[in-house]
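Reader: I would like to go through this structure with you. Could we begin with the terms we need?

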Amino acid sequence: MRWNRGGLGPNDWYSDWTMFVPADRRGRVHRTSIRNPPGEGPLTMQMQSNNTMLNSETVRREVNGFSGAEGMTINGTVAKTGLLTGITTATAAGTYMFMPDTALAYYGITFGGMLLALIGILACGFKPSLSPITALPVSLGLGGFAGGSTYAIGSFVPAAEEGDMLNSAEGAIFAALLLTMTITGSLLGAYATGLIRPNRMFRNIVLVGILGVALFSVVGMVMSLFGNSTIAQLFSPANGGVVAIGISLVITVLYSAILLMDFQMVHQLAQARAPKYMEWYGSQAILYSMVYLYVQLLRLVVQLMNRD
């Protein structure tokens, strides 16, 4: 139950994060009382996320137009996320271990995988019913991207003494994987228990942060084209300076926040009884965020190993 601060009457409607919920005669809002707003037709969801897969008007139409008996469930999404994560992890491990030592192979696998995943996600955005078909290409593409990124970022790990696994590239990879699983599990637990529930201000802050980082990155790329790589070097895994590590920490927090909002969006879809195939849709969204969080964590770990 969430208290209404606006003094709503029994005939008014409160726009909740999840859906429109009627206020009772005492002005209280009950999350469990779910029905369509008077005269509004199908259930209206407040779909807001920085993940393009979960912020599409197409998704709203899919949910509002669904009237089947079997809908999306949290357990189904968790199972599919686990399956796709396994495929991505296996692909990333194979890519890392058997990556040919040529620039062409690296760029082809890494950016080719990223492009394959992006195409699959865009296809889902335009037509969510394709998500069961795009699931495998997206997971394979993200695996190639993660494996290639691991190969590249791992090459910046300082030389360690023989037998010192903790300070080796493998040690950095293990630390990034462990941090990714820990952060993901902690965020999921915090959301499930109600400890953290993103609101509009939370989403706006994350959006402003993402736009700021994107603008900063673009400025750095443009400057590097003219021979000034001052900003671009701040994103290098080899840069162990305080500013570079601080920027990586900010980006890591932003990616973590996006993952938290993805959990919220999947919860909303399940509560709204979205079509069953939306489980594949939600699982790909979560996987996408997890992979980018892992790559950023690996960069941060390597920067810490290169700290001044």
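Predicted model: local features only at pLDDT ≥ 70, side-chain atom pairs only at ≥ 80, totals over all residues.

Reader: Is Glu-279 buried or exposed, then?

Author: Glu-279 has a relative accessibility of 0%, so it counts as buried.

Reader: What does Glu-279 form with Lys-80?

Author: The two residues form a salt bridge, and their closest N and O atoms are 2.8 Å apart. Glu-279 belongs to helix α8 (residues 278–305) and Lys-80 to helix α2 (residues 74–97), so this pair ties together parts that are 199 residues apart in sequence.

Reader: Why can such side chains pair at all?

Author: Side chains of opposite charge can pair when their charged atoms come close.

Reader: And is Lys-80 buried or exposed?

Author: Lys-80 is buried, because its relative accessible area of 18% falls under the 20% cut-off.

Reader: How many salt bridges are there?

Author: The count is two. Besides the pair already described, Lys-276 forms a salt bridge with Glu-279, with the closest N and O atoms 2.9 Å apart. Lys-276 is partly exposed, at 30% relative accessibility.

Reader: A change of topic: how many residues does helix α4 have?

Author: Helix α4 (residues 131–154) has 24 residues. From its first C-alpha to its last it reaches 32 Å, close to the expected 34 Å.

Reader: How many residues of α4 are buried?

Author: In α4, 18 of the 24 residues are buried, and the helix is mostly covered.

Terms used: Residues numbered from 1 in each chain as written. Heavy atoms only, no water. Salt bridge = Lys/Arg side-chain N within 4 Å of Asp/Glu carboxyl O. Helix = DSSP H or I, 4+ residues; strand = E, 2+ residues; numbered from the N terminus. Buried < 20%, exposed > 50% of the residue type's maximum accessible area, 1.4 Å probe, protein only. Expected span 1.5 Å × (residues − 1).
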